[in-house]
Amino acid sequence: QVQLVESGGGLVQPGGSLRLSCAASGHFISINYMGWYRQAPGKQRELVAAITSDYHTNYADPLKGRFTISRDNTKNTVYLQMNSLEPEDTAVYYCNAEVWVTSARRDAYWGQGTQVTVSS
């Protein structure tokens with residue numbers, strides 16, 4: 001069993017910054033892909049950013065330049081640094097990871113989500 005636990009969400013004013021963290025724990029061999037998604041009220045869940053085990057990154061085009069994804073493989077943790085936040089960034093942010101649970105099996109897991117609210 002693998003658990004992903006997010007932290008770092010909250011209320012921030014427009015133009016502010018937040019840093020989200022997601023730590024993986026449980027029984028697994030390694031983590032392949034880690035990513036952040038978000039879901040605003042009434043909208044579909046969408047990719048924010050993703051990072052591979054060898055640190056290749058991918059971002060949703062509108063977020064390039066404001067958001068930065070990183071990971072610490074020694075801590076099994078992925079981070080999302082969010083700068084110049086806008087009210088449109090308000091959403092529940094979810095961590096996602098593809099994990100090698102055995103040498104022959106990969107499974108995908110989701111965190112429980114953390115609320116980010118950008119408002120004055």
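Visitor: What makes S1-S3-S8-S7 the order of an open sheet of four strands?

Guide: The pairing does. In this predicted model, the four strands lie in that order, with antiparallel pairing. A strand is a DSSP run of type E with at least two residues, numbered from the N terminus. Two strands pair if DSSP finds at least two bridges between them.

Visitor: Why are S1 (2-7) and S7 called edge strands?

Guide: Each pairs on one side only.

Visitor: How do you know that S7 and S8 pair?

Guide: DSSP needs at least two bridges. S7 and S8 have six, in the antiparallel sense.

Visitor: Where is Asn76?

Guide: Asn76 sits in the loop between strand S7 (67-72) and strand S8 (77-82). Its phi is positive, about 50 degrees, although Asn76 is not a glycine.

Visitor: Why is Asn76 called partly exposed?

Guide: Buried means under 20% relative accessible area, exposed over 50%, and partly exposed in between (1.4 Å probe, protein chains only). Asn76 has 25% relative accessibility, so Asn76 counts as partly exposed.

Visitor: What makes Tyr55 count as partly exposed?

Guide: Its relative accessibility is 47%, so Tyr55 counts as partly exposed. Tyr55 lies in the loop between strand S5 (46-51) and strand S6 (57-59). Its phi is near 75 degrees, a positive value in a residue other than glycine.

Visitor: What do the numbers rest on?

Guide: Residues are numbered from 1 along each chain as its sequence is written, and side-chain values use heavy atoms, without hydrogens and water. Local features need pLDDT of at least 70, side-chain atom pairs count only at pLDDT 80 or more, and totals for chains, interfaces and linings use all residues.
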